Structure formats: structure tokens, C-alpha cells
Amino acid sequence: SAEITTLREPQFGAAASMWDILYAEEGMDVFADIVPIDATTVVAAGAFTKDIEDEVYHPLIVKFDERLKEVWSVREDTKNQQTIHRILKTKDGFTVLGDITDPSRGNGIYIGAYDNNGKVRAKPAPIFEKGGDLDAKAFVQAQDGNGYIIAAQFIVTKD
């Protein structure tokens, strides 16, 4: 069976939306995940490039207020590719899962920790696998609160 419907025309600017805000005038911001903090604020995570010539993605976390204006942001200047795919709210900050590239070990995944103000709490903990690359997909906090369950895709190097 099939159904034909009329799509509603979007009304930009009628309500607060991310599209009303200009980001990354010099480079590019790419948000991959978002977590609510309370009824009016959210924290979004992803990656950014510094300028039009920058070919490396770096970690990005931004806290937005109720009007979707930036409260604070974290833009880490990494030497190699490092992105954030997922973010979780924890009692003392945020934990992220992302992809990381190491010229000698290939593509891996990592977990990073930030405090409630976006300050780095610990260096990224990278995970690499011999014979292939890892691609971060998802993660959740373990039921007992001690650790995380991570889903990643393994891609054999020869493929």
C-alpha cells in the first residue's frame, strides 16, 4: 500500500533552532551527538576543522543555553584525526566515544572524559586492533556504573 501526503513548508526563525546560528565561519563544525543537561540546556559533540585548508578533524563539544547560544565550547587542537561520535552525561561531567588515527597504528577508537565545564579530565584512552581498523558506533554506561559497553566495527586492513 502507498500513501501520498503533503509536506509542511519549514518556517525558519519561527522558533529557536540550530539553523538560526552561524558556526565555524573559518572551518567546519559537524555535530554527531547531543545530550540534554536539563529542561533548557544541551551539550552537543562532534568534530571541527580549523579553516578551509585544514584536512584534519578535531574534537568539538559545545554547551548551548535555552536560546541555543553557546555557553562554552571545547575545541581540541589535535595533530592527527580525532572525532567524537557519542557523548554520555555522567555525574561529574561527560564521557565521549570517538575515532582516532595514529599514523603507525591505523584507525582506532577512544574514550575521553570532560568535567561539567568542558575541561579535559583525562587524556584519551585509545584502542587499536592489529590487522585492521576500528570505527566507533555506540556506547552505554554499564548497569553497575563501572565502565562502558562499546560497539565498534572492525574493518580488516586488506578490505
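The following legends describe close-up views of a predicted protein model.

**Basis of the legends.** Residues are numbered from 1 along each chain as its sequence is written, and side-chain values use heavy atoms, leaving out hydrogens and water. In this predicted model, local features need pLDDT of at least 70 and side-chain atom pairs count only at pLDDT 80 or more, whereas totals for chains, interfaces and linings use all residues.

View 1. The model has zero helices and 10 strands; helices (H or I, at least four residues) and strands (E, at least two) are DSSP runs, numbered from the N terminus. Of the 159 residues, 35% are buried, where buried means under 20% relative accessible area, exposed over 50% and partly exposed in between (1.4 Å probe, protein chains only). The accessible surface comes to about 10,600 Å², and 51% of this surface belongs to carbon and sulfur atoms; areas follow the Shrake-Rupley method with a 1.4 Å probe, and for residues only the protein chains shown count as cover.

**View 2. Confidence falls in residues 14–22.** The predictor's confidence in each residue is given as pLDDT, from 0 to 100. Its mean over the protein is 86, and 84% of the residues reach 70 or more. Over residues 14–22 pLDDT stays under 50, and the model has 11 contacts beyond four places in sequence for this stretch; a contact means heavy atoms within 4.5 Å.

**View 3. Four strands form an open antiparallel sheet.** The order in this sheet is β5-β6-β7-β8, and two strands are said to pair if DSSP finds at least two bridges between them. β5 (86–90) and β8 (120–127) stand at the edges with a single partner strand each, so one side of each has no neighbour in the sheet. Direction ignored, neighbouring strands are turned by 25° against each other on average; axes are lines fitted to C-alpha atoms, for helices over the stretch in contact, and angles run from 0 to 180 degrees between N-to-C directions.

**View 4. β7 pairs with β6 and with β8.** Nine bridges join β6 (residues 93–102) to β7 (residues 106–114) in the antiparallel sense, with D102 opposite G106. Five bridges join β7 to β8, also antiparallel, and here Y114 stands opposite V120. Five residues lie between the strands of the β7 and β8 hairpin, where G118 takes a positive phi near 85°.

**View 5. β9 and β10 form a hairpin.** β9 (residues 132–141) and β10 (residues 148–156) pair antiparallel over nine bridges. D135 of this pairing stands opposite Q153. Six residues separate the two strands, and G145 in the turn has a positive phi of about 80°.

**View 6. The largest nonpolar core has 14 residues.** A nonpolar core is a set of buried Ala, Val, Leu, Ile, Met, Phe, Trp, Tyr and Cys residues joined through side-chain atoms within 4.5 Å. In the largest one, V43, I61, I84, I87 and V96 touch the most other members. β2 (42–49), β4 (70–75), β6 and β7 each supply at least two of its residues, and β6 gives the most, with three. Apart from this core lies another of seven residues, including A44, F48, L60 and F64.

**View 7. I87 and its contacts.** Leaving aside residues up to four places away in sequence, I87 touches D33, I34, V35, V43, A45, I61, F94, T95, V96 and F139.

**View 8. L68 lies in the loop between β3 (58–64) and β4**. L68 has a phi near 60°, a positive value in a residue other than glycine. The residue is buried, with a relative accessible area of 15%.
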